[in-house]
Amino acid sequence: MRRSGSNDKNIFPMKIEELEKLLQNRFENNPDLSFTVYDHENKKIAVFFISYIVETQWVHESLVKTLLEGNEPWTNKAILNNIPLAAAAKKTKLQELLDGLLIGKVFVYIEGEDAALSYLLLKKEKRSLGQAETESLVLGPKVGFTESLITNLNMIRWNIRSENLVMEKYTVGKQEPREVRLVYIKSVANTSDINTMRQRLTELDIDNVDDSSVLMQYLEDSSRSIFPQFLSTELPDRFCYSISRGRIGVLVENSPTSIIAPSTFFSFFESTEDLYMRWNVGSFLRILRYLSFLLSTLLTPIYVSVVTFHYEIIPTSLLVNLGQSRAAVPFPPILEVLILELLIELLRESGARLPTKVGQTIGIVGGVVIGTAAVEAGITSNVLLIVVALSALASFTAPNYLMGTTVRLIRFPMIFLAGTLGIVGIVYGMSFLVVHLLKLTSIGRPYLAPIYPFRWEDLNKVIFRLPNDFQNKRFISYRPKKAIRYSKKDARKRRDIDE
Amino acid sequence: MEINVKKKPDLEFRAFYVFFLIASIQIGVGILGVPRIVYLEAEHDGWISILLSYFYIVLVVWTMVYILRQYKNADILGIQVDLFGKWIGKILGTIYLIYFTIGLLSILITYIEVVKVYIFPDMDNYILGGLLLILAIYTVLGGIRIVVGVSFIFFFLTQWVHFLVIQPILNFDILHFQPVLKASFNEIVSGAKSTSYTMMGFELLFFIYPFIQNKQKTNKATQTAIGFSTAKTLVLTVVAVGYFSASQLTRREWPVLDLYKLQTFSFLERFDYVIVAEWMMVVIPNIVILMWLITYSAKRLFQISQKTTLYIIAIILFICTILISDHFFIQKIIDLSSAIGFWIVYVYPFLLLPWVWIKNRSRKRKGNEKHAKA
């Protein structure tokens, strides 16, 4: 819609017939443009809008009725004073008219005036608030973002009631413009990070954005990496938690997923629930998630390498069991593992695509029936069944769905390395992974912070969570403007025993 | 060629990381064989040799830091050009370059040999050599920050290994060390000299100095690193001598690996497999740091882009790993590397010192003259 430069000229005053022709021309083959001309006190008044994205009832009751009932000849000034509707504006350019029509504005033009008046009366169909589907919390707020940007902004405003909360507006997409909001707290967030994000948003030269996850891939530092570099979340709770700690959020119109940057590798294993729990329980859960990341990437490769090359590693008593369960299996270990891993992936994918009720049935059929049958048929061994099930289970503990899928995928190259080079291959794969993670950045901030570059003060927020009196600083690896949340002195008063 | 190094400020790192760089480049494949090598020279008085070499290295590092502090922001390549002129300076720099390449090659092929001896006797050299070089290229492409990061993270990923020494310590025999000072002074000195290959690597300081953010802490960080590596070497040597009998120790090529494999768990036997694989994480920082040094020096000396050197050196090393698989030839390369290293690392800084003094004095005199004229 933003093609010609002539759209940016003042077009008023002009004849109403000309205006109608001009607009009909632009909305060719579109029966939805409603252009009505009223004759009132010898003055022609045009009211035009696109029918179904506007609250028609409001147009009739507040606008047209008042217009026709008046006794004086209307002027723009008179309309602005007499019509009981807020958010009025004068528009003079054709481009403004076109853009306005598309986002649900109603225009009033009185012949001879030098501007048209616009009123925002949009009607947007949206679903009501509900629980987030991809992320869930046991404790804490459960509501999720919806597809409506206004609803989302509303939720964030109610969560962070501070005048420092900024929601900058951007439009992304040349052909189908879409509203994007950059959300941050200006007294906390790092200025250079904000500028980087602004620059990336404004320099984006694409025709359309399908969803926030697509936008995320455009904005990321390395689009070739398997790891997501921005956190995405459906929970306003988590979004606000990150924003208030000095990170930057991006919301996209019509998308329930928000983007948070900068993010570290460790922030993908963080859940706001760690904060809601007691600190020791929270720390335990977090360490459990890291452990499950390792388990999920390493367990099956270790099985493959041990069974293929290094059965000496396993003590004799354990080896006997393993040997017995594998005795009937005719395949080499790597093939056996791949078959079972593929089975699990199929189950997961079908479970995700099918309706919830059927999905459960499939889960039981696939997991129990096929699993036991596969062992009885001698395709896989019992031990492997445990190993694969365990590592699949572990991969679902990541609170972030994107990271979960990444974790599941890294396992496959690891299996291949283990199948060809044994334990040496596994260590090589791990080393490669570490180097890769080291090289990644998230809007210029290192991905492995605070491990490298090392920040001792941040470790208590990342690897485990210490009680609140140790949390007097923000996550300083992101270099927030205000690093201190509250003074340490007040948080930890030292007292003698019997005082 | 500029004597002082100009670089972007975001390439700088804190002196804190110098500890990890030096500690990880010192501990490499060399340490696996140290107890035996020292034992061959100084028998059970090897621990004295290691302490002796430690005190010597402390002096060397002091000299190095002293030399570096005479300049604002220079590395050894610039200093040599400043002292000896463009041509001799560059030739001396090239010797460093060659020394690093040979060092890198020796690390690479020794590790491949260890893997072949312990895990895969039939494995072709090019598989592991190629994989390691790919990883090295991938890392070095990230620049100095990533190289530092690798040495930092891999340092922590490999420290658990030392807990495996607890088992042999429990079966330790103090009698193996008596009588003390049985070896002659000459034997102890040659024992100290034999550790030179293992303890080498702190010459790195000569090159990374311009990149250090808080330079006043350089000496402290380096000395700590050297103390740490020496302590590691000392403990391993003492434990090996205390645990193995004389004949057992002299027959083992890599006694340290045999020490580590004594520990067993109910779910894990044969720790040597795990350790040999894990040792890759010790070797990778070595390879990566040396690779970076080579590309960086080539750029400083001959203005070749770092990427070009990186690929060329990787290809040369890859061909070398394919060709070299004979144990004695590998030993020869290690000997060559340690022979060049001995002069470059342990003697050269002391030779450099008087030159720096002379240069300083003449510079001061010139300065004074200018001052007088003005």
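The model is predicted, with an ipTM of 0.94 and a pTM of 0.91. Chain A and chain B bury about 2900 Å² between them. The largest pocket holds about 1700 Å³ of space, and helices of both chains contribute to its lining.

**Confidence in chain B**

- Chain B has a mean pLDDT of 90, and 98% of its residues are at 70 or more.
- Among the elements of chain B, helix H6 (residues 125-140) has the highest mean pLDDT, 95.
- The lowest mean pLDDT among those elements, 85, belongs to helix H17 (residues 327-373) of chain B.

**Contact between the chains**

- Chain B puts 39 residues into the contact, and chain A puts in 26 residues.
- Carbon and sulfur atoms give 76% of the area of about 2900 Å² buried between chain B and chain A.
- On the chain B side, the residues that lose the most area to chain A are Phe120(B), Tyr138(B) and Tyr273(B), which together make up 20% of what that side buries.

**The largest pocket**

- The lining of the largest pocket consists of 42 residues.
- Nearest the centre of this pocket lie Leu294(A), Leu298(A), Ile302(A) and Met430(A), along with Glu278(B) from the other chain.
- By class, 39 of the lining residues are nonpolar, two are polar and one is charged.
- From chain A, helices H10 (279-308), H11 (316-326), H14 (382-395) and H15 (401-439) each supply at least two residues of the lining.
- From chain B, helices H7 (144-158) and H15 (271-302) likewise each supply at least two lining residues.
- H10(A) gives the most to the lining, with twelve residues.

- Phe211(B) sits in the loop of chain B between helix H11 (205-208) and helix H12 (218-243).
- Phe211(B) has a relative accessible area of 4%, so this residue counts as buried.
- Beyond its neighbours within four places in sequence, Phe211(B) is in contact with Lys7(B), Leu11(B), Glu12(B), Phe13(B), Ile144(B), Trp292(B) and Tyr296(B).
- Of these contacts, Phe13(B) is 198 residues away from Phe211(B) in sequence, while the two C-alpha atoms are 6.4 Å apart in space.

**Cis peptide bonds in chain A**

- Most peptide bonds are trans, and most residues other than glycine have a negative phi.
- The bond from Ala261(A) to Pro262(A) is cis, with omega near -10°.
- Pro262(A) belongs to the loop between strand S10 (258-261) and helix H9 (273-276) of chain A.
- Ala449(A) and Pro450(A) are also joined by a cis peptide bond, where omega is about 0°.
- Pro450(A) belongs to the loop between strand S12 (445-446) and helix H16 (459-462) of chain A.

**Positive phi values in chain B**

- Glu43(B) is not a glycine, yet its phi is positive, at about 50°.
- The loop between helix H2 (30-42) and helix H3 (46-69) of chain B contains Glu43(B).
- Glu43(B) is classed as partly exposed because its relative accessible area is 36%.
- Leu181(B), another residue other than glycine, has a positive phi near 60°.
- The loop between helix H8 (166-170) and helix H9 (185-194) of chain B contains Leu181(B).
- Leu181(B) has a relative accessible area of 55%, so this residue counts as exposed.

Methods. Residues are numbered from 1 along each chain as its sequence is written. Chains are lettered from A and ligands numbered from 1 in the order in which they are written. This is a predicted model: local features need pLDDT of at least 70, side-chain atom pairs count only at pLDDT 80 or more; totals for chains, interfaces and linings use all residues. Side-chain values use heavy atoms; hydrogens and water are left out. On a 1 Å grid over the protein atoms alone, a cavity is a set of points where a 1.4 Å probe fits but cannot get out, and a pocket is an open set with protein on both sides within 12 Å along at least five of seven lines; lining residues have an atom within 4 Å of a point. Grid points are joined across faces, edges and corners, and a volume is the space filled by probe spheres set on the points. Helices (H or I, at least four residues) and strands (E, at least two) are DSSP runs, numbered from the N terminus. Ala, Val, Leu, Ile, Met, Phe, Trp, Tyr, Cys and Pro count as nonpolar, Asp, Glu, Lys and Arg as charged, and the others, Gly among them, as polar. Buried means under 20% relative accessible area, exposed over 50%, partly exposed in between (1.4 Å probe, protein chains only). Contact means heavy atoms within 4.5 Å. pLDDT is the predictor's confidence in each residue, from 0 to 100. Buried area is the accessible area (1.4 Å probe) that two parts lose on being put together, summed over both.
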